[in-house]
Amino acid sequence: TRDTIASYLGVSGRTLEKAEKIVEAAETEPEKYGKILEEANSKDIAINRAWNDIKKIKFQEKTEKLQEEVKNIKPPEGKYEIIVVDPPWPYGGKYSPEHYFGRVASPYPEMSLEEIKALELPADENCILWLWTTNRFIHDAFHIIDAWQFKPKTILTWIKNRMGVGYWLRGKTEHCILATKGKPPINLTNQTTALFGKAREHSRKPEEFYQFVDSLCIGRKLDYFSREPREGWETFGTMELKKEDI
């Protein structure tokens, strides 16, 4: 129905959907978005331009909220036998509302390699570390593991159901380095280095990974830089910007 109506108006179904959201935003919060709608009407600004103006405002508000949340984060207490770390790697890609979730831009606060390396993980003397990295930072990831005084053992590769971002080749995989400290217990049988799982929001890891870790690892679990709460896990970090927030 949407596409049929759009065809009569000479626009795409997606453009019509954006127009509806622009009007809805202006009616819901006229003091914030009303001017954008007025300009679109009076100056015949393209719908995409008005839509991007609204996204800029929402993105800025969400970013400021995240930065405020970071100030109030309390560090985890005690020690953990299993720690998953998904660092906010420093891609340095500039956010563009015209290309939200672009090929490299990160929609969440980033850390430098030195800042990541300087993190003091609350690791037990016998601990398993799972460090997520992309192709770009896989070399740096091993140096970070050394700085955290863990020993790398193997690499788990997440094979996604669709391609993602990347300047050179569009990524369809991410890697998680398994490293250890001491002699942690682990339930090894015939697990492989390949993990198949559906790609979700930007940077969010698949549920299959956490099921995999739960089946292998014994002890208190910490999801460092977590994206969401999870039963049986303690979390630390901030929630990322999600597409539906924009």
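Start with Gln149, in the loop between helix H6 (138-147) and strand S3 (151-160). Helices here are DSSP runs of H or I with at least four residues, strands are runs of E with at least two, and both are numbered from the N terminus. This is a predicted model: local features need pLDDT of at least 70, side-chain atom pairs count only at pLDDT 80 or more, and totals for chains, interfaces and linings use all residues. Residues are numbered from 1 along each chain as its sequence is written, and side-chain values use heavy atoms, with hydrogens and water left out.

Just after H6, Gln149 has a positive phi of about 65°. Most residues other than glycine have a negative phi. Gln149 is exposed, at a relative accessible area of 62%. For the cut-offs, exposed is over 50% relative accessible area, buried is under 20%, and partly exposed is in between, with a 1.4 Å probe and protein chains only.

Where is the other positive phi I want to show? Phe225, in the loop between strand S6 (221-224) and strand S7 (234-236). Its phi is near 60°. Phe225 is buried, with a relative accessible area of 13%.

Now H6. Its buried residues are Ala141, Ile144 and Ile145. They lie on the same side of H6, because they cover an arc of only 100° around the axis; the arc is taken over directions from the helix axis to the C-beta atoms. An α-helix has 3.6 residues a turn, so residues three or four places apart point the same way. What covers these buried residues? Helix H5 (113-117), strand S2 (123-133), S3 and strand S4 (173-181) are included, with contact meaning heavy atoms within 4.5 Å.

On to rings. The whole structure has 9 aromatic pairs. Rings of Phe, Tyr and Trp (its six-membered ring) pair if their centres lie within 6.5 Å; planes under 30 degrees apart are stacked, over 60 edge-to-face, the rest tilted. Trp132 and Trp158 are edge-to-face, 6.0 Å centre to centre, with 75° between the planes. That pair links strand S2 to strand S3, 26 residues apart. Trp132 is buried at 1%, and Trp158 is buried at 1%. Ring pairs join Trp130, Trp132, Trp158, Phe209, Tyr210, Phe212 and Trp233 into a cluster.

Last, charges. The charged end of Lys160 sits over the ring of Trp158, 4.7 Å from its centre. The test is NZ of Lys or CZ of Arg within 6 Å of the ring centre and within 35 degrees of the ring normal. Arg220 does this over Tyr80, at 4.0 Å.
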